[in-house]
Amino acid sequence: MLEILSGVVGEGVSQSYLLEARQMQALSLGVHIPLVCFGIAFPAMVLFMEGLWLRTGDETYRALAKRWSKVMLILFAVGVVTGTILSFELGLLWPRFMEQWGEVFGFAFALEGFSFFLEAIFIAIYVYGWDRLSPRAHLLSGLPIVLAGIAGATFVIAVNGWMNNPTGFDLTAAGEVTNVRPVAALFNDHLWHEVVHMYLAGFLVAGFLVAGVYAFAWLRGRRDRYHRAGLIVPLAIVALAAPAQIVIGDWAARTVAENQPTKLAAMEGLEETTEGAALTIGGIYVDGETYGGVDVPKLLSLLAFHDPDAEVQGLDAVAADDRPPVAWVRNSFQVMVGIGTLLAALGAWFLWSRWRRGSLPSSPWFYRAVVAAGPLALTALIAGWIVTEVGRQPWIVYELMRTEEAVTGADGIPIGYATLVVVYASLIALVLFLLRRLARQGQDSVKAVP
Amino acid sequence: MLPELTVAVLGIGLTAYAVLGGADFGAGFWDLTAGGAKRGARVRGMVKRSMGPVWEANHVWLIFVLVILWTCFPHAFGPLMETLYVPLFLAAVGIILRGAAFALRGEAATIAEARALGATFALSSVLVPFFLGATVGAVASGQVTLDQTAGAISSWTNATSIFSGVLAVATGAYIAAVFLAADSARSGFDDLAEAFRRRALGAAAVAGALAIGGLAVVSSDAPELYDGLTSGAGLAMVSLSALAGLVTVALIWKRSFGPARLGAAVAVGSILAGLALAVQPDFFPGQLTFAAAAAGDATLAATLISVAIGLLILLPSLALLFRLFLRGRLDQPLEPIGTSRSEAES
């Protein structure tokens, strides 16, 4: 038996499976990141609802807060385990990255560990404490969840920021890491825009997905106070977050233009270094050509450097094998920006209607759009991470370590990858199935706890 | 000095995970072995009621251990993951299945759904501690080498590793039975307290026998580890573990479940401390010392300071959670699992 197993996974180190390892990591992140959105945004939404109940005494708000907190706990639990897998994968897939650089960026993860602890502790107290703690103590027990969610996401993103903008150490002539400054590594230049961008994205994804549930019920004619409140609260949040995200996106793009010009060139599909570069809106990039986009003269220079004649570095500035896969980066960037713009427009429709008519829009198209907006926001989120992460390639530590130098030599990667695909596909199907059933239940069936 | 201090922090984290996380895995073991749907319904219900509020916080100790490991001992983390990737990956998959099945089981509407999720939860609760235990055994018995010549399978299928895996399952079951007996007694479920008391005594006998038999296995499979465990500080810890185990059995016998919780924790924690003391000052016996595995002093100092500050927030929070839990403030009604509601109530 063991001999057969050995034959399958191989003994010793022979070749590496870079592409499979990258896809495996991408799959695991793709499953985890939507859950992070709920970790960031859902506690604040639940507490807001509970606060409404405490202020007004209206049981509708309480029922919603309780129902949402139940979903919050399930999604947190799944996030706990998918997050654990990521910790394992960092070592299992990229052992040489961890070995060489762990001492530089690891400090942020140590802090994240504590945030995660607090989140797990207080989410349990909050969800299991319904009807058992005094209303005030219960509301208070929710606050650390919100704070730990923000802190945890910040520390994890600090590591991603560091991979894109490695600082906080020196290199000896032999290439050894020395004079490590963990705090400086934590507060790298890419931390802040990535954190704020992701934080708003968390609210957009969670907000639109939750609103979509009630918009769907609305279209089915369920328009009682319960569904109305469940629709308006998340919509109000996303209507404010969506336009803010556009401003933050501009900040992010300018930082990338400055620190990672090759990534920016890939995002825009800009082949040659150009002064007064045009921005191509829309279109599809295939094999070095953009088809079907609209060119706006000088706009790229204006957006990236706030100067219409600024020089924007093209892909030709670096060797071909130092460029990321341009089509992935460029097309994903277009998808993210396009969807972001649509979401902002949808938020504006909601605000306009509230302001002018004091009510929700009457057109069924509004509700259909809100139902579609959840999956679209999720798509934009994933597309955004593809821009950041695929745009970083071929580097795992920007311009210091190539991804191919970091990958494990283990032979079992394809088997591991296939296993994970099956496990995650089953998990996603199961979670969606059960959440759908939960969403179909109305106010009456809100029970105590999980 | 700093590397040794950091190893101690790592050891505390690992012990907390072995005790608290181990108890959650062990609870899954009792779920798995609870018998038919009708007979096991109350045991399964109690497992769920007892684990629900605390398992996520208990699980975070594993994250804590991983993070300290790669931040403070990066030169050990790389070879460790590259050598023992098979058991570690299998443990990771088991962790997904177990956590997700446990969290989602509460939403199961039909008996068939609850059974499928329950079986997934229970089975993976046995596999995860086995693979993690085997990993610890492989490290302690010197299977990890820096030149990456160790086999992907042979590195963790030596007798010591397999024995460690089995011991991890058994000790988890033992701690879980003690904790579940204490929770049942606290909640006034006398039948369940008795049921778990019997299980705790049985598991204590099995774990004790395994530990003694295991020493024989280790003496032939990993003589250097055996020497470490039977002399000096290693021997002191092994003796402490045996003593704590015996005291705990006496406490369980007398139905003094509260103090038994502590005794069981000491019995398990001192085994891990004994392993660490047996191989010190090496991280990988004969291959890599603590000092050589460690990150630079700046990183160790920053991590230790942040751990100290973090504990100032974490410990009161954990104390609050466990106090609320132990006083029954987070208790839910006991819902037997595996039978339909009406059946259970009749």
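Visitor: Which helix is A:W53 found in?
Guide: A:W53 sits in helix α2 (residues 18-56) of chain A; helices (H or I, at least four residues) and strands (E, at least two) are DSSP runs, numbered from the N terminus. This is a predicted model, where local features need pLDDT of at least 70, side-chain atom pairs count only at pLDDT 80 or more, and totals for chains, interfaces and linings use all residues. Residues are numbered from 1 along each chain as its sequence is written, while chains are lettered from A and ligands numbered from 1 in the order in which they are written.

Visitor: What does A:W53 touch?
Guide: Leaving out residues up to four places away in sequence, A:W53 touches A:D58, A:Y61, A:R62 and A:A65. Contact means C-beta atoms, placed from the backbone, within 7 Å.

Visitor: And how many other C-beta atoms lie within 10 Å of A:W53?
Guide: There are 19, so A:W53 is partly exposed. A residue is buried with 20 or more other C-beta atoms within 10 Å of its own, exposed with 12 or fewer, and partly exposed in between.

Visitor: Switching to the interface. How many residues of chain A are in contact with chain B?
Guide: 63 residues of chain A are in contact with 62 residues of chain B. On the chain A side, the elements giving two or more residues are α1 (2-9), α3 (59-93), α4 (95-128), α6 (182-186) and α14 (413-440).

Visitor: Which one gives the most?
Guide: α4(A), with 21 residues.

Visitor: Last one: what is the secondary structure of chain B, and how much of the chain is buried?
Guide: Chain B has 14 helices and 2 strands. Buried residues make up 62% of its 346 residues. Its C-alpha trace spans about 65 × 40 × 35 Å along the principal axes.

Terms used:
Contact = placed C-beta atoms within 7 Å.
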